[in-house]
Amino acid sequence: MKIRKAVFPVAGFGTRMLPATKAIPKEMITLVDKPLIQYAVEEAVEAGVDEIIFITGRFKRAIEDHFDKSIELEIALKESKKEKEYEILSRISEMCDFITVRQKEQKGLGHAIYCARDVLGKDPFVVILPDDIISYKESVTRQLIKKFEVVGSPVLAITEVPAEETYKYGIVDIDKKIDDRTFKLKGMVEKPKSNPPSNYAIIGRYVLTYDVLKAIEECDANLGEIQLTDAIRKVTKEQSSYGYLYDGLRFDCGNKIGYLDATIHFALNRDDLKDDFTKILKKYC
């Protein structure tokens, strides 16, 4: 079954990026010349997704506005004969269909995804956390979808992390290795304080099934939050789920150092910027 829908939970406060996120959604912080959220949407579209579901909260209207048409600006660009800028701008609203669902309370990632249940129906779907920006040759979302098309069960993007950093992530418990990049899972632990089951961390890309939505409904809140990992772990006990060691370079743009790292990487990989930007960097190195 073709996966057409992607859920973007974007209702968070973005406290790690304060004070910038006091008035601007963290997803709208600019990485070179595009907001973070656009990189993630483009990744999904490259994977064949044609319906984006934003799970938003208060003060997130800027995200909706960014992916809407701006008639006045488009007219002004045309009249000024700025055709390149016009094409870039008009493409944003035409990439796919955008749907917004309001999460009235922040009650965890699992709850945010469950808010999209009426739009998702019973079809498999993608979840993308736009804090995680990935540089890739092939869309990481597409990599996961291709694996899902083979295994027919939930597939989670995973990456190897230092043992001393496992407490920062959801960590998978591996049943067995299927191939160089695929692992059958027997469970997962959310931010283990000690004795992590592996050093493979879940990052912000998932392909999930209707069974996960049903499991979220049955999950109890933990410290006021309904965790996605609890729901996936429940599904994993009843059927198979997989971790996929994706091919790409990930940046955690939800924190300042990760964001600065990403800025340097993406700027140096732009033909129109890399020479001048390299000169600037040399002044400080």
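Visitor: How much accessible surface does the protein chain have, and what share belongs to carbon and sulfur atoms?

Guide: Accessible areas come from the Shrake-Rupley method with a 1.4 Å probe. For the protein chain the total is about 15100 Å², with 49% of it belonging to carbon and sulfur atoms. Please keep in mind that this is a predicted model, where local features need pLDDT of at least 70, side-chain atom pairs count only at pLDDT 80 or more, and totals for chains, interfaces and linings use all residues. Residues are numbered from 1 along each chain as its sequence is written, and side-chain values use heavy atoms, leaving out hydrogens and water.

Visitor: What share of the residues counts as buried?

Guide: Buried means under 20% relative accessible area, exposed over 50%, and partly exposed in between. Here 49% of the 285 residues count as buried.

Visitor: Where is Thr21 found, and is Thr21 buried or exposed?

Guide: Helices (H or I, at least four residues) and strands (E, at least two) are DSSP runs, numbered from the N terminus. Thr21 sits in the loop between β1 (5–9) and β2 (30–31). With a relative accessible area of 9%, Thr21 is buried.

Visitor: Which residues does Thr21 touch?

Guide: A contact means heavy atoms within 4.5 Å. Leaving aside residues up to four places away in sequence, Thr21 touches Phe13, Gly14, Lys26 and Ile29. Its side chain also reaches the backbone nitrogen of Leu18 at 3.4 Å.

Technical notes. Buried < 20%, exposed > 50% of the residue type's maximum accessible area, 1.4 Å probe, protein only. Polar contact = N/O pair within 3.5 Å; in protein donor to acceptor, adjacent residues only side chain to side chain.
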